[in-house]
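Here are a few friendly notes to read alongside the model. Have a look at it first, and then let us go through the points together.

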Amino acid sequence: ESAINRIAAGEVVERPASAVKELVENSIDAGATRIDVTIADGGKTLIRVVDDGCGIAGPDLPLALSRHATSKIDGSDLLNIHSFGFRGEALPSLGAVGRLTITSRAGDEGASVHVAGGRMGDVRPAACARGTQVDLADLFYATPARLKFLRTDRAETQAVVDVIRRLAMAEPFVTFILRDATGGDTRTLFRADGETGDMFDALGGRLRAVLGRDFAENALPLDAERDGFHMTGFTALPTYSKGAAVAQYLNVNGRPVRDKMLLGALRAAYMDVMSRDRHPVACLFIDCDPTLVDVNVHPAKSEVRFRDPACVRGLIVSGIRHALAEAGH
Ligand code: ADP
Ligand code: MG
């Protein structure tokens with residue numbers, strides 16, 4: 001069991017940022033309105049995620065930590081995936097590669113359980129607020145080979161910031177806080193307070209929080225539809241550009257993705273109006289019936305497979321070109 005967990009863990013958890021992604025997605029799935037993340041030493045020694053979501057009842061804690069136990073899908077429904085989690089792999093994987101403590105309260109009483117090296121201790125009563133706190137210490141301590149492949153604390157921290165920014169962009173109503181507690185003193189790396197209003201207003205506010213006021217001032221709203229695919233979001237004027245890493249936020253059915261086909265479509269939309277060395281800045285939401293897209297391509301879930309990729313590509317290219325043309329480009 002524990003060897004299988006460790007192998008599977010390597011696919012789900014490549015680096016601290018992927019652990020953060022899995023944990024924060026769980027918090028989002030739990031309906032959290034506030035997600036507070038703390039890391040130390042690039043996430044290598046500590047990743048802590050605290051949320052105010054629905055919590056896990058004490059008796060359910062061992063279940064949440066066992067492989068392929070997910071409360072989010074019944075197996076007959078693999079193509080109809082709405083929530084982030086659907087594999088029941090993240091928590092057992094993290095318990096196999098780090099020292100994991102989950103403290104949670106769903107009802108009146110809180111409980112806590114510790115797992116290290118795939119071995120679970122007893123569930124104990126614990127005092128805590130409603131919601132869940134996950135502490136993951138010493139990631140990869142049990143797999144030194146993987147530890148060696150991690151980059152500098154600075155680079156790993158940057159990857160965590162990027163993951164949080166992408167999730168924050170996808171969930172504008174949720175408050176996200178990311179802190180660095182390396183060496184004992186805590187500093188805030190990122191903060192975006194939950195937006196209010198309708199989705200469009202909320203997204204506008206979140207764009208300012210994540211990309212800055214200058215982007216918001218250069219942003220063109222998008223709204224286009226084709227054969228069951230709907231695209232909304234914002235794209236920037238071609239005169240406005242940022243570094244590749246922070247420029248493109250792509251979401252499919254509410255989930256941040258980093259899909260090659262979608263990135264290619266975004267580039268193609270700007271081909272005639274932007275020089276090759278610049279990066280179009282955009283935040284796109286593609287929504288469709290869940291049966292038109294397979295998000296289960298890779299455990300890390302950043303790639304997707306559309307039933308009709310040409311249609312999605314056409315929607316993005318024509319939708320953005322139309323917006324640019326209306327703005328005089
Ligand atoms: P998945 O997200 O694919 O279901 P995970 O291993 O990530 O699998 O989580 C297992 C289960 O633990 C979830 O299905 C959920 O029931 C519970 N869980 C995990 N994190 C949280 C959380 N932050 N709040 C509430 N429940 C959680
Ligand atoms: Mg999950």
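How many bridges join strand E12 to E13?

1. Three bridges join E12 (residues 248-252) to E13, and the two strands run antiparallel. Strands here are DSSP runs of at least two residues (E), and helices are runs of at least four (H or I), numbered from the N terminus. Strands pair if DSSP finds at least two bridges between them. Leu 250 stands opposite Val 257 in E13.

2. A word on the source: this is a predicted model, in which local features need pLDDT of at least 70 and side-chain atom pairs count only at pLDDT 80 or more, while totals for chains, interfaces and linings use all residues. Residues are numbered from 1 along each chain as its sequence is written, with chains lettered from A and ligands numbered from 1 in the order in which they are written.

3. Now the whole sheet: five strands form an open sheet with mixed pairing, in the order E10-E11-E14-E12-E13. E10 (219-226) and E13 (255-257) are the edge strands, each pairing on one side only.

4. Helix H6 packs on this sheet, where H6 touches E12, E13 and E14 (282-287). The direction of H6 makes about 135 degrees with that of E13 (angles run from 0 to 180 degrees between N-to-C directions, with axes fitted to C-alpha atoms, for helices over the stretch in contact).

5. H6 (residues 153-170) also meets H2 (residues 16-29): their axes come within 8 Å and cross at roughly 25 degrees. The two helices are therefore roughly parallel to each other (angles under 35 degrees count as such).

Note on methods:
Parallel < 35°, antiparallel > 145°, perpendicular 65-115°, else oblique. Contact = placed C-beta atoms within 7 Å.
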